[in-house]
Every structure is written in structure tokens, then in C-alpha cells.
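Welcome, and let us take a walk through this structure together. Please have the sequence and the 3D view at hand as we go.

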Protein chains: 2
Amino acid sequence: MNKLDATSLYNIHRSIKHFIHKTPLITCDTFSKITETKNLYFKCENFQKTGSFKLRGATYALQTYITRALRMNQPIDNLEIITHSSGNHASALSYAGNLFGVKIRVVMPNNGPSAKREAVRTYGGEITFCEPTQQARELTTELIMAKKPMQLVHSSDNYLIIGGQTTVAYEIFKEIGDLDYILTPLGGGGLLAGTCLSALHFSPRTKVIGVEPALANDAYLSFKSGAIHPPLPPLTIADGLRIGVGVRNFEIMQKHLHDIITVDEEEIMRATFLIWERMKIVVEPSSATTLAALIKYRKMFRKKNVALVLSGGNVDLRNLPFSRDLIEL
Amino acid sequence: MNKLDATSLYNIHRSIKHFIHKTPLITCDTFSKITETKNLYFKCENFQKTGSFKLRGATYALQTYITRALRMNQPIDNLEIITHSSGNHASALSYAGNLFGVKIRVVMPNNGPSAKREAVRTYGGEITFCEPTQQARELTTELIMAKKPMQLVHSSDNYLIIGGQTTVAYEIFKEIGDLDYILTPLGGGGLLAGTCLSALHFSPRTKVIGVEPALANDAYLSFKSGAIHPPLPPLTIADGLRIGVGVRNFEIMQKHLHDIITVDEEEIMRATFLIWERMKIVVEPSSATTLAALIKYRKMFRKKNVALVLSGGNVDLRNLPFSRDLIEL
């Protein structure tokens with residue numbers, strides 16, 4: 001394992017910061033009032049380049065593989081990267097690959113949002129589609145790698161990716177010194193494990209909470225039982241959180257995570273709608289899980305300083321899921 | 001006429017600034033590249049309280065009427081304000097009325113976005129619906145005022161409203177010293193006339209351009225002919241720009257406006273879609289007219305410093321107009 005100590009985290013941020021946006025940390029009177037938090041902050045990774053925080057991990061991973069290749073006197077033209085991803089990691093890796101001149105191969109489920117597919121193509125990533133199960137993703141990836149050796153960069157279960165994602169919370173802690181809670185969406189656990197490590201080193205009193213769709217609560221079941229639960233069928237509307245929790249991520253979560261909250265599909269959709277309507281920003285359902293959790297358990301967060309990570313904003317605008325019967329606030 | 005000189009404009013901003021958001025002025029690499037502008041800024045009035053710049057004029061107008069009443073020893077409980085508005089001015093005035101304790105009566109067309117109606121109701125404004133023509137709006141208002149005298153606050157053709165709207169450009173010029181162009185949407189001309197006055201006093205070398213939907217180009221026809229053209233049927237999707245240009249607004253535009261650009265419905269929808277998709281922010285079609293104009297006449301703005309005003313973000317999210325056949329960028 002890479003040592004992810006305070007110095008490493010500082011260096012990771014220094015290494016990627018010129019390639020990413022320092023996204024804004026914003027407030028919203030409406031939601032502060034409703035939830036009666038003391039201070040409520042939203043870290044807007046939907047404004048990140050490529051539309052999600054995934055660019056942070058992807059950039060750091062590619063930088064590291066390129067540096068390794070150069071140290072071994074290998075031309076980076078030979079470097080080929082493969083990943084399987086529901087979308088955001090795929091487009092982030094494609095974007096970074098395009099920037100650094102590294103070829104990216106992506107295995108994607110055939111039912112993801114078309115906006116995410118188009119983004120991968122725009123950035124020059126080469127797509128192979130597969131059935132929308134974790135098994136199919138892994139098998140398709142292995143078959144491609146069997147034909148030609150490539151470097152696999154898992155979307156979450158990879159220390160370089162986790163290292164890159166630590167920079168989200170690092171930026172938050174640099175701005176806000178006295179956070180009581182930080183909530184992040186939880187899919188594979190890259191963002192959440194990174195946030196745990198950042199809190200450990202830069203804001204030890206901040207409690208880190210992961211938010212998972214109840215329909216994809218494998219990490220919740222794993223966290224409560226102490227053993228990794230297999231991933232669930234990919235049914236949640238929060239398409240970025242369908243993947244199962246990673247081994248490395250789970251290990252970090254077991255040591256440093258305060259708790260996991262689950263939210264149901266209606267709570268996710270309602271929170272998504274509210275963020276669009278009140279904050280006038282475009283977020284994907286995965287992002288809105290954090291606000292859904294805050295609203296659901298608002299008593300717990302009363303008079304506290306809370307930061308929510310809005311992880312991304314890539315949705316198919318032509319096919320929005322807002323129905324007429326969403327419960328009003 | 002109120003003297004809208006540099007000192008007045010400064011004082012207007014000082015007077016309302018604690019009641020409004022200083023909205024962010026943001027950049028977007030994608031659109032800078034496409035348009036080859038030197039620097040491109042978006043003034044995000046969609047993030048303004050009540051979701052549009054209209055709160056600026058409404059706040060300043062109410063503050064002035066309240067001050068006048070107090071000076072004449074009249075209790076402000078007797079003060080009653082009426083307006084007719086397609087929506088954003090109505091909700092802004094209702095919000096400000098609620099804040100300052102002044103009763104607001106609103107005449108609204110019966111075909112506006114439901115989100116705007118709900119906002120007026122939330123802030124305690126009393127709505128009277130009318131047919132969606134300018135004539136019906138004015139007649140309905142006069143009928144109400146005939147029964148009970150009230151102070152009419154027109155959404156654009158009013159020097160207090162124009163004065164309040166000067167603060168949008170005032171904030172831009174305080175941040176950016178060397179703008180070549182500033183583009184604002186053009187409906188009644190409150191924002192545009194205010195922008196002309198701000199440029200005159202604080203950034204005289206900046207050329208101010210109004211952008212009008214081709215389907216509602218009465219101000220364009222007026223500007224070119226030198227005489228006010230009657231308003232056109234309210235057909236454009238940019239519902240905030242359906243109203244005809246105001247007399248006071250037109251007078252200021254004739255003296256200080258550089259030019260008017262018109263954009264067609266497809267250009268407006270495409271620009272709206274692009275802002276949502278690429279910038280991840282929610283804007284209403286009226287806002288996107290400025291980007292539509294920039295893209296349409298990009299040669300004119302090449303290598304220039306340009307600011308676009310995004311005037312508001314109030315749309316009916318359950319009924320979005322994004323069709324599958326929007327032309328790709």
C-alpha cells in the first residue's frame with residue numbers, strides 16, 4: 001500500500017491542482033433553515049472538469065503511471081490504461097489520458113446515461129460495452145487484458161485513485177476549520193475512503209459519514225457485519241453508486257469511518273429536484289444522496305457545521321426523472 | 001426623472017447590497033474556446049435570491065416608496081403595491097414586500113411557468129390572473145387600481161427599477177476593469193437600460209448590447225426605426241422577454257446602447273441546453289439568449305473581453321423543453 005500520510009496527501013494535491021478546478025464551497029439559505037444546521041456547505045464537484053470529482057483520482061493515477069514508466073525508461077506511448085466504469089470515472093480517465101497523451105480503454109455498462117458515453121468518446125476514450133452487472137464488467141475487462149497486457153485502473157479500489165480523491169476533503173478543510181460532519185456519496189468508496197484519510201490527517205474531530213442508496217446498500221451491510229457483502233443488482237437511480245464497495249476502501253472505512261446512512265429512491269429524487277430548483281445547479285442523483293441523508297436525519301445535524309459533497313453533475317438532460325408527484329418541501 | 005448619475009448608482013448599490021446576493025462572475029473553458037473570446041465571464045443572476053436579477057430593482061423600489069411614506073408620516077401599513085409581470089418581477093417584489101412588510105398585489109398571465117406562480121404565493125403576494133397579452137395585463141391592473149388606489153411598480157418602465165438593475169453591471173465592472181462588451185437579455189429593458197447607465201458611469205469604453213428573441217423583436221424594430229414599436233404576440237420560449245420595451249428604457253437605450261442582436265427560438269433552446277450541460281447550472285431560456293448571441297456572432301467577439309448576464313434560473317423542472325433533436329455543439 002502507498003503510504004497515505006499527511007505529507008503524501010499534501011503532495012498529491014500539489015501534484016494535481018493545476019489540472020483540476022478548485023471547486024466552490026457554497027451555502028444555501030433555504031437548506032440551512034430547513035435543516036437547522038449551524039453552517040451548511042456544499043462542495044460543488046459537479047463544477048469539476050468532466051463534471052465530477054473522478055478527475056482528481058484519474059489525474060493522480062495517470063501522473064503516477066507516467067512517472068513510473070519514465071523512471072524505467074519506458075516510452076509512454078506503450079502505456080495503455082483500461083478501466084470499467086459506469087461513466088464518470090471513464091470520462092475523467094479519458095480526459096486525463098487525452099491531456100497526458102495516454103491511450104484509454106473503457107468497459108462501460110450498456111444502460112448508463114448517454115451523456116457519460118458521449119463524454120468518453122469526446123475525450124478519445126475507446127469504449128467496449130457490457131451487460132450492466134459488476135461480474136460482466138470485470139469479465140469483459142479481463143478478456144481484453146488477456147489479449148493485450150494493460151494497466152487496470154479500478155474506479156475506486158486502487159490506492160492512487162483513493163489518494164486523488166482525498167483532495168476533495170483537503171480543499172474543504174483548508175477553507176473550513178471547524179466542521180462537525182462531512183457527508184459523501186458512497187458507491188465503490190473511493191471518495192469516502194479518501195475523505196476519511198483527509199479527515200484523519202487534517203481535521204480529526206470531523207465525523208465522516210457515507211451515504212448509500214438503500215437499493216445498493218452493500219457497503220452498509222458490509223460495515224455493519226464486518227465482512228464485504230457482494231454488490232446488489234444495479235437498480236438505483238443513483239447510477240454512480242451502483243458498484244460494490246472495494247476491498248482497500250472497506251479497509252480504510254472500517255478504521256476511520258463514523259457511520260453509513262442509507263436513503264431510498266424517492267428521497268434521492270426529491271433531494272435532486274430540490275437542489276436543481278432551489279440552488280439552480282445541475283447535479284446527478286448520486287450527488288443528492290448527501291442532502292437526502294441530511295434532511296432525513298436532520299435532528300442529528302441540528303446546530304452542527306456540516307459539509308455535503310455534491311459529487312457530480314452528469315445527467316441525461318433530455319431524459320430527466322422529475323415526475324409530477326414529487327413530494328413538495 | 002431620478003438623476004441616475006455615478007453617485008446615485010453607487011448609493012443604490014450601497015442601499016440594497018445587504019438584501020441581495022453579490023452573485024458570482026464565473027468562467028467556462030468550453031465556451032471561451034468555442035467562441036475564441038479573450039476572456040468570457042458569466043454573471044450568474046440565476047443564483048440571485050428569488051432566482052433572478054429582478055430582486056435588485058424590486059428591493060430598491062420598495063425601499064424608496066417606504067422612505068417616502070415615512071418622510072410624509074404615513075404608516076407603511078397603508079402602502080400597497082401593484083404590478084403586472086410574467087413572473088420574476090412578481091416573485092421578487094413579493095419577496096421584498098414580505099421582507100419589508102408591504103402588501104403586494106400581482107397581475108400575472110395565465111400561461112406562465114407554474115414555478116413562478118408558486119414563488120409569488122410562497123412569498124405572500126396576492127395574484128390576479130389575466131390573459132397573456134400586454135393589453136390584458138395593463139387593463140386588469142387598471143381595473144384593480146380603479147377600485148382602490150395603489151402604487152404601480154412597473155417591471156421595467158420605472159426609474160427606480162432601472163436604478164436597481166444598474167447594480168448588476170456595477171458589480172461586474174468592480175470585478176473586471178477592461179471589458180469590451182457586455183450582453184444582457186432584452187425584454188422591457190430594465191436590465192439593459194440599467195446596464196447602459198452603469199457602463200456610462202463606470203466603464204465608458206464597454207459596449208453594451210441587448211439580446212432579444214426574434215419572435216419578440218419589438219425593441220430591435222424600435223431601436224432601428226427610432227420610434228417605439230408595439231409589443232409582439234407572446235410566443236417566444238424566453239418567457240421573461242415577451243413584454244414590450246418601456247418608454248424610459250427606450251430613451252436610455254437610444255442614447256447609450258451600442259446595438260441589439262436578435263436570436264431565434266432554436267438558438268435560444270440550444271444555448272439553454274448547452275449552459276445546463278456544460279456549466280451544470282440551471283438557467284431559464286431568457287438568460288441563454290446572451291450565449292446564443294455570442295455563439296451566433298462569435299467573429300465579432302473574437303479576442304475580446306466579454307461579459308454575459310445570465311438573468312435568471314426559474315423554470316418548470318417538471319416540464320423542460322429539451323427535445324432529442326437539439327443540434328449538437
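In chain A, helix α11(A) meets helix α12(A): A:Glu267, A:Ile268, A:Arg270, A:Ala271, A:Thr272, A:Leu274 and A:Ile275 on the α11(A) side touch A:Pro285, A:Ala288, A:Thr289, A:Leu291, A:Ala292, A:Ile295 and A:Lys296 on the α12(A) side. By type, the residues of this contact are nine nonpolar, two polar and three charged. Keep in mind that what you are looking at is a predicted model.

For α11(A) and α12(A), which spans residues 285-296, the axes come within 7 Å and cross at roughly 100°. Angles from 65 to 115 degrees count as roughly perpendicular, and α11(A) and α12(A) are therefore roughly perpendicular to each other.

Now move along chain A to another pair of helices. The axes of α1(A), residues 6-16, and α7(A), residues 159-175, come within 9 Å, with a crossing angle of roughly 95°. Because of that angle, α1(A) is roughly perpendicular to α7(A). From α1(A), the contact uses A:Leu9, A:Tyr10, A:Ile12, A:His13 and A:Ile16, while α7(A) brings A:Gly163, A:Gly164, A:Thr166, A:Thr167, A:Tyr170, A:Glu171 and A:Lys174. Sorted by type, the residues of this contact are five nonpolar, five polar and two charged.

Next, turn to the place where the two chains touch. Chain A and chain B each supply 24 residues to the contact. Together the chains bury about 2100 Å² between them, and 55% of that area is on carbon and sulfur atoms. Which helix gives the most to the side of chain A that touches chain B? The answer is α11(A), residues 265-279, with four residues. On that side of chain A, the residues divide into ten nonpolar, seven polar and seven charged.

What links the two chains here? Six residue pairs are in polar contact between chain A and chain B, counting pairs with both residues at pLDDT 80 or more. The number of salt bridges between chain A and chain B is zero.

Over all chains, however, the whole structure holds 30 salt bridges. In one salt bridge, the side chains of B:Lys43 and B:Glu171 meet at 2.7 Å, N to O. B:Lys43 sits in strand β2 (residues 39-44) of chain B and B:Glu171 in helix α7 (residues 159-175) of chain B, so this pair ties together parts that are 128 residues apart in sequence.

Terms used: Residues are numbered from 1 along each chain as its sequence is written. Chains are lettered from A and ligands numbered from 1 in the order in which they are written. This is a predicted model: local features need pLDDT of at least 70, side-chain atom pairs count only at pLDDT 80 or more; totals for chains, interfaces and linings use all residues. Side-chain values use heavy atoms; hydrogens and water are left out. Contact means heavy atoms within 4.5 Å. Buried area is the accessible area (1.4 Å probe) that two parts lose on being put together, summed over both. A salt bridge is a side-chain nitrogen of Lys or Arg within 4 Å of a carboxyl oxygen of Asp or Glu. A polar contact is a pair of N or O atoms within 3.5 Å; within protein, one must be able to donate a hydrogen and the other to accept it, and residues adjacent in sequence count only if both atoms are side-chain atoms. Helices (H or I, at least four residues) and strands (E, at least two) are DSSP runs, numbered from the N terminus. Ala, Val, Leu, Ile, Met, Phe, Trp, Tyr, Cys and Pro count as nonpolar, Asp, Glu, Lys and Arg as charged, and the others, Gly among them, as polar. Axes are lines fitted to C-alpha atoms, for helices over the stretch in contact, and angles run from 0 to 180 degrees between N-to-C directions. Angles under 35 degrees count as roughly parallel, over 145 as roughly antiparallel, 65 to 115 as roughly perpendicular and the rest as oblique.
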